[in-house]
Amino acid sequence: MPLLYFLPPLGAVLIWSGNMTINQLTVGAIAPSSIAFLRWVLALAVLTPFLAPAAWKHRTTIRREWPKLAVLGLLGMGLWQGLAYVAAETTSATNMGILAAMVPLLTVLLSALILREPPSLGGTLGGVVALLGVLVLLGRGNPLSLLELSVATGDLLMVVAATCYALYGVMLKRWPMDLPPWILLYAQVIFAVLFLLPPYLMGPMTPVDASNIGLILYAGIPASIITTFLWMRAIRQIGASQASIFINLMPLFSALIAMALLGERIALFHFLGGALVLTGVIMAQTLTRPLVQPAPGAVDQPKNQ
């Protein structure tokens, strides 16, 4: 496989990791409800001249599938990113990167529950290992502290956000729609803007100025549009399973970027919790053997001729 095929997923994950630092920089510069709304308004404004005519041609399908498109827009764009901006106020970019890396594992678990895909050995064992890593991270190295309910609100919000994005991927698979990828994205962006409008209007509505325009531009174009293009290209070239493996690099990239730009310090519990989460995710993606082997009698027998 040409090495150039690995550049799109690598680029997408690098931009996503940078967005964890952007989330931190928004604290004090722009309200979470404002940037969550304005980034998708910007993305919608950029996409509309190119996609609106094609979307109009598919209006019958969009009208028929609008409830599903609305749910997808809420999960994958409204809640996933909106909760991350709120989480940034009470947690670090390093923690956010580690917890966001749980998405592939959560996808495996939710697929077993919703799509009735049989649980794999790696999905089960990896889930236990990753959960231990999350407990180490949430407890700042002491999982027993969770019994005292001394967990940062931002960390819990990132767990919820990662679950929403994993659910988004599962429902996207469960609800196949007869729409081109970019039109599918465009319709979801429209619904995301509609869902994010009420929180934006309820405020605080932060005015756009020199201190936050760069944050909005990064979130609205590289982190929303360019990553989508790179990720769709990656899936087309190397497949969804192999592309998702690159998400495992998010904790490393997020930590390095946060150290360089925010001066965050990495503690021992970051290494331990991150390593456990990463190990669990890799186990879930590589140990694909079914957890329970079918009984010999369950194997289809050749029919008598």
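1. Leaving aside its neighbours within four places in sequence, Leu-215 is in contact with Ile-22, Leu-25, Thr-26, Ala-29 and Ile-35, where contact means heavy atoms within 4.5 Å. Leu-215 has its place in helix 9 (residues 213-220), helices being DSSP runs of H or I with at least four residues and strands runs of E with at least two, numbered from the N terminus. The C-alpha atoms of Leu-215 and Thr-26 are separated by 7.0 Å, although these residues lie 189 residues apart along the chain. Leu-215 counts as buried because its relative accessibility is 10%, buried meaning under 20% relative accessible area, exposed over 50% and partly exposed in between (1.4 Å probe, protein chains only).

2. On the basis of the values: this is a predicted model, in which local features need pLDDT of at least 70 and side-chain atom pairs count only at pLDDT 80 or more, while totals for chains, interfaces and linings use all residues. Residues are numbered from 1 along each chain as its sequence is written, and side-chain values use heavy atoms, with hydrogens and water left out.

3. The secondary structure of the chain comes to 13 helices and zero strands. Of its 305 residues, 49% count as buried, and residues 24 or more positions apart account for 89% of the contacts with a separation of 6 or more.

4. Thr-61, which lies in helix 3 (residues 59-87), counts as buried because its relative accessibility is 11%. Once its neighbours within four places in sequence are left aside, Thr-61 is in contact with Asp-178 and Leu-179.

5. Helix 8 (residues 181-202) and helix 10 (residues 222-238) pack at an angle of about 145°, with their axes 11 Å apart; axes are lines fitted to C-alpha atoms, for helices over the stretch in contact, and angles run from 0 to 180 degrees between N-to-C directions. The contact is made by Pro-181, Trp-182 and Leu-185 of helix 8 together with Ile-225, Thr-228, Phe-229 and Met-232 of helix 10.

6. For helix 5 (residues 103-114), the twelve residues should span 16 Å at 1.5 Å a residue, and this agrees with its end C-alpha atoms, which are 16 Å apart; the expected span is 1.5 Å times one less than the number of residues. The buried residues of helix 5 are Val-103, Pro-104, Leu-105, Leu-106, Leu-110 and Ser-111, and just after this helix Arg-116 takes a positive phi of about 60°.
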